[in-house]
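Welcome! Take a look at the sequence and the 3D picture below, and then let us walk through them together, step by step.

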Amino acid sequence: MRLAYRLIVFLLLVQATATATLWTLNPTESASQAVFGTLLGVDLLAFAMVSYLYRAEKAGTGFSRPWVLTGCAAFVVLFLAVLVRA
Amino acid sequence: MATEAEPTGPVEWVVKWVDSRLGLSHPLLRPVPKYALNPAAWLGALTVVAFMILAVTGILMMLYYVPTPAEAYTSTSYIFNQVAYGRFIETVHLYTAYAMVLLTFAHMMRGFFVSVYKKPREMMWLVGMVMGGLVLGFAFTGYLLPWTVISKSATDVAVGMIDALPAILGSAIRFLIVGTGGDSGELLRFYDLHVVVLPAALLALLVVKMYMLEAHGISEPVTRRGRSPEKQRAVPIFPDVTLYLLELAAIFGAGMLLLGALFPLILPPAYTPTAASQYAPQPDWYFLWLYQILKISAFEGPAFVYALIGVTILFGALLILPFLDWSPHRRVQDRPLFVTLGAVFIAELTVLAGWGLLTPGQIVPTWEGVAVIGGTAFLVTLGSLALFRFVRSRQGRVAPE
């Protein structure tokens with residue numbers, strides 16, 4: 001399977017995990033609200049990356065590795081933020 | 001009759017099915033040239049995305065907010081402390097509002113520097129400037145609603161200035177934003193403006209602007225690279241441009257959510273006249289530049305009207321910019337006067353806002369105001385002209401125009 005499609009599958013798994021975790025949070029706790037926001041941000045970023053990879057593959061130009069690496073770095077930052085706030 | 005190419009996979013099949021049922025690729029919107037697929041060309045669209053986020057978070061807060069002086073702060077505090085994700089929603093609402101003001105400004109200045117207001121897009125600029133004024137109106141009216149000591153005190157200062165305006169104008173503005181019922185009338189007016197009148201006006205003008213955008217198309221690029229055949233290639237609205245816009249919107253939304261998660265809002269104390277006497281009234285950052293001008297001692301008391309007249313003339317000139325800058329030149333290097341004026345404008349707003357933040361409630365001596373404002377303009381002009389001279393010497397021209 002092409003690298004782009006493997007990345008898409010991985011990102012969809014990240015989205016599903018983040019969405020599932022959202023439903024386990026206590027909505028009135030301050031820390032949970034921060035985790036909620038961060039995981040929702042992870043969902044949106046994953047969507048943006050999936051969309052970008054799809055467009056790049058469809059156009060036949062291939063994806064830009066710096067952009068994908070930037071997105072992955074953003075995930076790391078967001079997950080660290082979740083750990084800090086939790 | 002030619003047949004369409006068959007979808008090559010399941011994703012393509014879904015895309016084509018959705019398109020055929022919703023008619024998304026029907027040419028209602030003109031295709032977008034490839035040179036326009038860069039984030040700087042979508043600042044206006046991101047402003048609309050910010051507005052949508054504000055609408056959603058605002059509607060959620062409306063379920064609990066009560067627009068009366070007795071309950072405004074109580075209901076805001078209830079949202080903060082009792083409602084599920086209430087504090088997070090309020091925080092995202094505030095930061096997205098800040099982002100909307102910033103994006104509106106960035107959109108305007110980007111259009112200024114690449115001169116999108118030239119023929120035939122003069123009316124788009126005028127409509128856009130009015131929309132920018134409405135965005136500031138949103139910020140002004142929304143600031144009062146929590147009824148905190150800081151927001152109410154700052155709004156009282158602004159509303160108090162209305163009484164010093166000429167009689168008919170002052171009365172009309174006072175009736176519009178304060179009504180006749182004291183604090184109750186004022187809060188209800190601000191609330192109605194914020195949630196009904198301004199959104200309706202903004203949406204109406206957005207429709208007008210989008211219509212004109214479809215009529216005129218996206219403005220041509222000013223760089224040689226942007227005019228290459230590859231960059232001129234049309235990209236279909238669905239699914240390519242739609243997905244690009246959704247990507248930008250998702251990244252922007254993720255940024256707002258992260259800010260809201262990492263820097264949750266702290267609600268200031270409730271407004272009481274006693275508490276207000278202990279705070280120096282300070283507007284929010286987007287009005288600090290104006291506040292700093294009004295703190296100059298030459299504009300104390302009734303003389304503040306002269307400062308407002310000056311600011312009105314400045315923004316009036318910005319409004320009619322297409323009719324002031326009528327040359328056919330669009331490139332930055334061919335417009336030294338207006339590019340320098342634009343740079344001075346940005347520098348003055350930034351310096352005045354920063355200065356206002358650092359000197360809350362302090363009256364500014366006139367000589368100091370003249371020195372800072374004049375000095376900023378002088379230094380930026382000097383830098384701009386030096387840069388133009390350098391660029392033109394590299395291009396082999398004799399002297400700047």
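Helices (H or I, at least four residues) and strands (E, at least two) are DSSP runs, numbered from the N terminus. With that in hand, chain A reads along its sequence as α-α-α. This is a predicted model, in which local features need pLDDT of at least 70 and side-chain atom pairs count only at pLDDT 80 or more, while totals for chains, interfaces and linings use all residues. Residues are numbered from 1 along each chain as its sequence is written, chains are lettered from A and ligands numbered from 1 in the order in which they are written, and side-chain values use heavy atoms, with hydrogens and water left out.

**Chain A**

- Chain A has three helices and zero strands.
- Along the principal axes, its C-alpha atoms fill a box of roughly 45 × 20 × 15 Å.
- Of the 86 residues in chain A, 45% are buried (under 20% relative accessible area, with exposed meaning over 50% and partly exposed in between; 1.4 Å probe, protein chains only).
- Take the contacts in chain A (heavy atoms within 4.5 Å) with a separation of 6 or more: 67% of them join residues 24 or more positions apart.

**A helix to follow: α2(A)**

- How far apart are the end C-alpha atoms of helix α2 (residues 30-59) of chain A? They are 44 Å apart, which agrees with the 44 Å that its 30 residues should span at 1.5 Å a residue.
- The expected span is 1.5 Å times one less than the number of residues in the helix.
- Most of α2(A) is covered, with 23 of its 30 residues buried.
- After α2(A) comes Gly60(A), which has a positive phi, near 80 degrees.

**Chain B**

- Chain B contains 16 helices and two strands.
- The C-alpha trace of chain B spans about 80 × 60 × 40 Å along its principal axes.
- Chain B has 401 residues, and 42% of them count as buried.
- Among contacts in chain B with a separation of 6 or more, 79% are between residues 24 or more positions apart.

- Gln282(B) sits in the loop between α11 (273-276) and α12 (288-294) of chain B.
- Is Gln282(B) buried or exposed? It counts as buried, because its relative accessibility is 14%.
- Leaving aside residues up to four places away in sequence, Gln282(B) touches several residues, including Tyr143(B), Ile150(B), Tyr291(B) and Pro360(B).

**Where the chains meet**

- The contact involves 25 residues from chain B and 25 residues from chain A.
- About 2100 Å² is buried between the two chains, with carbon and sulfur atoms giving 68%. Buried area is the accessible area (1.4 Å probe) that two parts lose on being put together, summed over both.
- In chain B, Tyr85(B), Glu247(B) and Leu257(B) lose the most area to chain A, together 27% of what that side buries.
- The interface holds two salt bridges (a side-chain nitrogen of Lys or Arg within 4 Å of a carboxyl oxygen of Asp or Glu).
- One of them joins Arg55(A) to Glu247(B), with the closest N and O atoms 2.8 Å apart.
- On the side of chain B that touches chain A, the elements giving two or more residues are α1 (10-22), α4 (86-113) and α10 (237-262).
- The largest share of that side, 14 residues, comes from α10(B).
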